[in-house]
Amino acid sequence: MAKMTKEEVIEVAHLARLAITDEEAVHFADQLEAITNAMELLNELDTENVEPTTHVLEMVNVLREDKSVPGLDRELVLKNVKEHEAGQVKVPTILE
(Lines give C-alpha, C1' and ligand atoms only; values in the text may rest on other atoms or scores of the structure.)
Protein backbone atom coordinates (compact mmCIF):
# COMPACT_ATOMS: atom_id res chain seq x y z
CA MET A 1 0.00 0.00 0.00
CA ALA A 2 1.14 3.54 -0.80
CA LYS A 3 2.52 5.68 2.00
CA MET A 4 1.62 9.37 1.74
CA THR A 5 4.38 11.65 2.94
CA LYS A 6 4.06 15.04 4.55
CA GLU A 7 5.99 16.53 1.62
CA GLU A 8 3.51 15.11 -0.92
CA VAL A 9 0.61 16.59 1.03
CA ILE A 10 2.33 19.98 1.20
CA GLU A 11 2.94 19.86 -2.57
CA VAL A 12 -0.70 18.99 -3.30
CA ALA A 13 -1.85 21.74 -0.92
CA HIS A 14 0.43 24.19 -2.74
CA LEU A 15 -1.02 23.19 -6.12
CA ALA A 16 -4.53 23.63 -4.72
CA ARG A 17 -3.53 27.01 -3.27
CA LEU A 18 -4.23 25.84 0.29
CA ALA A 19 -2.26 27.08 3.26
CA ILE A 20 -1.66 24.26 5.74
CA THR A 21 0.67 23.84 8.70
CA ASP A 22 3.16 21.01 9.14
CA GLU A 23 0.90 19.44 11.78
CA GLU A 24 -2.04 19.54 9.38
CA ALA A 25 0.13 18.02 6.63
CA VAL A 26 1.00 15.06 8.88
CA HIS A 27 -2.68 14.63 9.83
CA PHE A 28 -3.84 14.85 6.19
CA ALA A 29 -1.10 12.43 5.08
CA ASP A 30 -2.53 9.80 7.42
CA GLN A 31 -6.06 10.44 6.16
CA LEU A 32 -5.06 10.40 2.48
CA GLU A 33 -3.10 7.20 3.01
CA ALA A 34 -6.20 5.54 4.49
CA ILE A 35 -8.28 6.71 1.53
CA THR A 36 -5.80 5.50 -1.10
CA ASN A 37 -5.47 2.16 0.70
CA ALA A 38 -9.26 1.74 0.61
CA MET A 39 -9.27 2.53 -3.12
CA GLU A 40 -6.50 -0.01 -3.74
CA LEU A 41 -8.66 -2.66 -2.05
CA LEU A 42 -11.40 -1.89 -4.58
CA ASN A 43 -8.95 -2.60 -7.41
CA GLU A 44 -8.74 -6.20 -6.19
CA LEU A 45 -12.44 -6.82 -6.91
CA ASP A 46 -13.35 -8.85 -9.99
CA THR A 47 -15.50 -6.52 -12.12
CA GLU A 48 -15.09 -8.40 -15.40
CA ASN A 49 -18.82 -9.12 -15.89
CA VAL A 50 -20.15 -5.99 -14.21
CA GLU A 51 -21.78 -3.55 -16.60
CA PRO A 52 -20.82 0.11 -16.04
CA THR A 53 -23.58 2.35 -14.74
CA THR A 54 -24.03 6.06 -14.20
CA HIS A 55 -26.73 5.61 -11.57
CA VAL A 56 -27.85 2.67 -9.48
CA LEU A 57 -31.50 3.28 -10.35
CA GLU A 58 -32.83 3.38 -13.88
CA MET A 59 -33.74 7.03 -14.43
CA VAL A 60 -35.89 8.50 -17.18
CA ASN A 61 -36.39 12.21 -17.77
CA VAL A 62 -40.03 13.18 -17.85
CA LEU A 63 -40.29 16.43 -19.73
CA ARG A 64 -43.30 18.29 -20.99
CA GLU A 65 -43.68 19.01 -24.68
CA ASP A 66 -42.00 22.27 -25.62
CA LYS A 67 -44.69 24.42 -27.18
CA SER A 68 -45.18 28.15 -27.48
CA VAL A 69 -47.92 29.75 -25.39
CA PRO A 70 -49.01 33.37 -25.35
CA GLY A 71 -47.58 35.54 -22.57
CA LEU A 72 -49.35 38.02 -20.35
CA ASP A 73 -51.23 40.92 -21.90
CA ARG A 74 -48.86 43.92 -21.98
CA GLU A 75 -51.50 46.47 -20.94
CA LEU A 76 -52.54 44.34 -17.97
CA VAL A 77 -48.93 43.98 -16.85
CA LEU A 78 -48.21 47.70 -17.21
CA LYS A 79 -51.16 48.49 -14.92
CA ASN A 80 -49.18 46.89 -12.06
CA VAL A 81 -45.87 48.75 -12.49
CA LYS A 82 -44.91 52.04 -10.90
CA GLU A 83 -43.48 53.59 -14.09
CA HIS A 84 -43.49 52.59 -17.73
CA GLU A 85 -42.47 54.18 -20.99
CA ALA A 86 -43.08 53.11 -24.60
CA GLY A 87 -44.52 49.74 -23.51
CA GLN A 88 -41.49 48.95 -21.31
CA VAL A 89 -41.19 48.73 -17.50
CA LYS A 90 -39.06 51.64 -16.28
CA VAL A 91 -36.69 50.84 -13.41
CA PRO A 92 -34.29 53.03 -11.45
CA THR A 93 -30.75 53.42 -12.80
CA ILE A 94 -28.24 51.38 -10.82
CA LEU A 95 -25.07 52.23 -12.78
CA GLU A 96 -23.76 55.72 -13.30
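Q: With which residue does E85 form a salt bridge, and how far apart are the closest N and O atoms?
A: A salt bridge is read from the gap between a side-chain nitrogen and a carboxyl oxygen, which must lie within 4 Å. In this predicted model, E85 is paired with K90, and their closest N and O atoms are 3.2 Å apart. K90 is partly exposed, at 43% relative accessibility.

Q: How many salt bridges does the structure hold?
A: The structure holds 2 salt bridges. One of them joins the side chains of E33 and K3, with an N to O distance of 3.2 Å. E33 belongs to helix α2 (residues 22–43), whereas K3 sits in the segment before α1 (6–15), so this pair ties together parts that are 30 residues apart in sequence.

Q: Which of these residues counts as buried or exposed?
A: Buried means under 20% relative accessible area, and exposed means over 50%. E33, with 18%, is buried, while K3, at 54%, counts as exposed.

Q: What pattern does the chain follow along the sequence?
A: The pattern is α-α-α-β-β, from 3 helices and 2 strands. The chain has a radius of gyration of 29 Å, well over the 12 Å that the globule rule gives for 96 residues, so it is more spread out than a compact globule. Its C-alpha trace spans about 70 × 50 × 15 Å along the principal axes, and buried residues make up 8% of the 96 residues.

Q: How many positive and negative side chains does the chain have?
A: There are 9 positive and 21 negative side chains, and the centres of the two sets lie 19 Å apart.

Conventions:
Residues are numbered from 1 along each chain as its sequence is written. This is a predicted model: local features need pLDDT of at least 70, side-chain atom pairs count only at pLDDT 80 or more; totals for chains, interfaces and linings use all residues. Side-chain values use heavy atoms; hydrogens and water are left out. Helices (H or I, at least four residues) and strands (E, at least two) are DSSP runs, numbered from the N terminus. Buried means under 20% relative accessible area, exposed over 50%, partly exposed in between (1.4 Å probe, protein chains only). The radius of gyration is taken over C-alpha atoms; the globule rule is 2.2 Å times the number of residues to the power 0.38. Lys and Arg count as positive and Asp and Glu as negative; His and the chain ends are not counted. The place of a charge is taken as NZ of Lys, CZ of Arg, CG of Asp or CD of Glu.
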